[in-house]
Amino acid sequence: MGTPADSASALGEACAETLAPAAQAQPVPEDGRDGLDVLRHAAHGASARLEALLHGVAVGVLFVGREGRVDLVNRAFCRMFGVASAGELVGQPGPSVAHRLSERLADPAAFARQGLVAPGRLVLADGRVLSRELLPVGEGEAHGVLVLLREVSAESAVEVEPLHTVSHVDELTGLPNRRGFLAQASRRLRRAAQQGRSASLLCVDVEGTRTINARLGHTAGDRALEEVASLLRLCFGESDLVGRLGGDEFAVLALDVTEMHQPEMLARLSREVALLNARPARAWRLSLGVGTACFDAVHRPLVEDLLALADARLHAWKRSRPGRRD
């Protein structure tokens with residue numbers, strides 16, 4: 001088992017073409033507020049001073065290498081989870097570390113099941129809330145994934161609705177299932193109405209899953225659905241809500257997106273799908289159908305009505321186009 005210093009060196013080599021000189025010159029803020037921005041740049045470049053940077057920020061950092069083992073943990077991460085030293089975690093398999101840390105979470109079973117490399121916020125047993133961001137390191141065949149954790153302010157934490165029961169979580173993707181999505185979306189729309197904010201609801205259908213299942217097997221079909229879940233998380237922000245309604249159907253509630261801004265939002269989603277499909281050696285191509293509905297604080301439609309309208313528009317679009325697929 002290597003030391004944290006050795007692991008940091010290995011991570012620096014993995015990021016050998018990613019840390020820009022500007023990031024090297026960036027002073028590390030004492031309160032860590034800008035540290036996350038520095039780390040976002042660090043995941044795209046190289047620096048001999050990477051270890052000092054990682055241990056100097058207030059952002060919790062954990063690196064899971066290509067072999068699935070924890071190769072680096074910084075001091076802030078250890079403080080967040082009450083771990084005495086990084087050496088207790090470094091070199092251990094990711095699932096083992098997740099199981100050990102799960103006792104610090106409000107929902108230990110969900111965290112142990114989803115593992116370390118899963119997006120979304122974490123609610124600790126003591127009530128603290130951590131935002132979690134995943135950054136692949138390296139191009140092509142990734143060297144690993146940086147997991148970045150930051151404590152959320154009390155004001156932001158009010159927006160977090162942890163899923164306390166497994167019945168609200170989709171086991172495959174870790175997203176809220178239909179019940180969880182409707183419950184969270186209803187609460188968010190009530191707050192949006194009180195604050196006079198708009199929102200858009202998207203009903204997203206993954207096309208071609210039957211073909212993937214028939215040609216490559218259901219494991220491949222599950223992987224395609226997991227890809228879509230990751231894609232939607234990437235495309236939408238922390239304030240947005242993504243859920244899997246069941247089968248090959250997902251939903252997104254995007255706050256502060258009016259009907260006028262929906263084309264821009266859909267274009268961004270289309271670009272992300274195209275980038276994913278352009279990666280080499282892919283066994284399938286993802287194709288998404290989307291129907292939308294808009295919420296306004298004056299009429300205050302229910303989330304069930306928005307979902308029904310978005311779903312109807314999705315299926316109307318599918319029926320109207322030539323060469324329709326499942």
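## Basis and overall content

A residue is called buried at under 20% relative accessible area, exposed at over 50% and partly exposed in between, with a 1.4 Å probe and protein chains only. At 6% relative accessibility, serine 102 counts as buried. This is a predicted model, in which local features need pLDDT of at least 70 and side-chain atom pairs count only at pLDDT 80 or more, while totals for chains, interfaces and linings use all residues. Residues are numbered from 1 along each chain as its sequence is written, and side-chain values use heavy atoms, with hydrogens and water left out.

The protein chain has 326 residues, 46% of them buried. Its secondary structure comes to 13 helices and 9 strands; these are DSSP runs numbered from the N terminus, helices being H or I of at least four residues and strands E of at least two. Contact means heavy atoms within 4.5 Å. Of the contacts between residues at least 6 apart in sequence, 60% join residues at least 24 apart.

## Surroundings of serine 102

Serine 102 is placed in the loop between helix 6 (94–101) and helix 7 (108–114). A polar atom of its side chain lies 2.6 Å from the backbone oxygen of histidine 99. Apart from neighbours within four places in sequence, serine 102 is in contact with Pro108, Phe111 and Ala112.

## Nonpolar cores

A nonpolar core is a set of buried Ala, Val, Leu, Ile, Met, Phe, Trp, Tyr and Cys residues joined through side-chain atoms within 4.5 Å. The largest has 26 residues, of which Val206, Val228, Leu232, Phe236, Phe250, Leu286 and Leu288 touch the most other members. Two or more residues each come from strand 6 (199–207), helix 11 (218–235), strand 8 (249–255) and helix 12 (262–277). Helix 11 gives the most, with 8 residues. A second, separate core has 23 residues, including Leu62, Val73, Ala98 and Phe111.

Phenylalanine 236, a member of the largest core, is in contact with Leu202, Val252, Ala254, Met265 and Arg268, leaving aside neighbours within four places in sequence. Arginine 268 lies over the face of the phenylalanine 236 ring, at 5.8 Å from its centre; the criterion is NZ of Lys or CZ of Arg within 6 Å of the ring centre and within 35 degrees of the ring normal.

Helix 11 has 18 residues and reaches 26 Å from its first C-alpha to its last, close to the 26 Å expected; the expected span is 1.5 Å times one less than the number of residues. Its buried residues include Ala220, Leu225, Val228, Leu232 and Cys235. They pack against strand 6, helix 10, strand 7 (241–246), strand 8, helix 12 and strand 9 (287–295).

Leucine 216 is found in helix 10 (residues 209–216) and is partly exposed, with a relative accessible area of 35%. Not counting residues up to four places away in sequence, leucine 216 touches Thr211, Ala283 and Trp284. Leucine 216 and tryptophan 284 are 68 residues apart in sequence and 9.1 Å apart in space, C-alpha to C-alpha.

## Helix 9 and its ends

The end C-alpha atoms of helix 9 (residues 178–195) are 25 Å apart, which agrees with the 26 Å that its 18 residues should span. Among its buried residues are Phe181, Gln184, Arg188 and Arg191. The buried residues pack against strand 6, strand 7, strand 8, strand 9 and helix 13 (303–320).

At the N-terminal end, asparagine 177 caps helix 9, with a side-chain oxygen 3.2 Å from the backbone nitrogen of arginine 179. Helix 9 is followed by glycine 196, whose phi is positive, near 70 degrees.

Notes. Polar contact = N/O pair within 3.5 Å; in protein donor to acceptor, adjacent residues only side chain to side chain.
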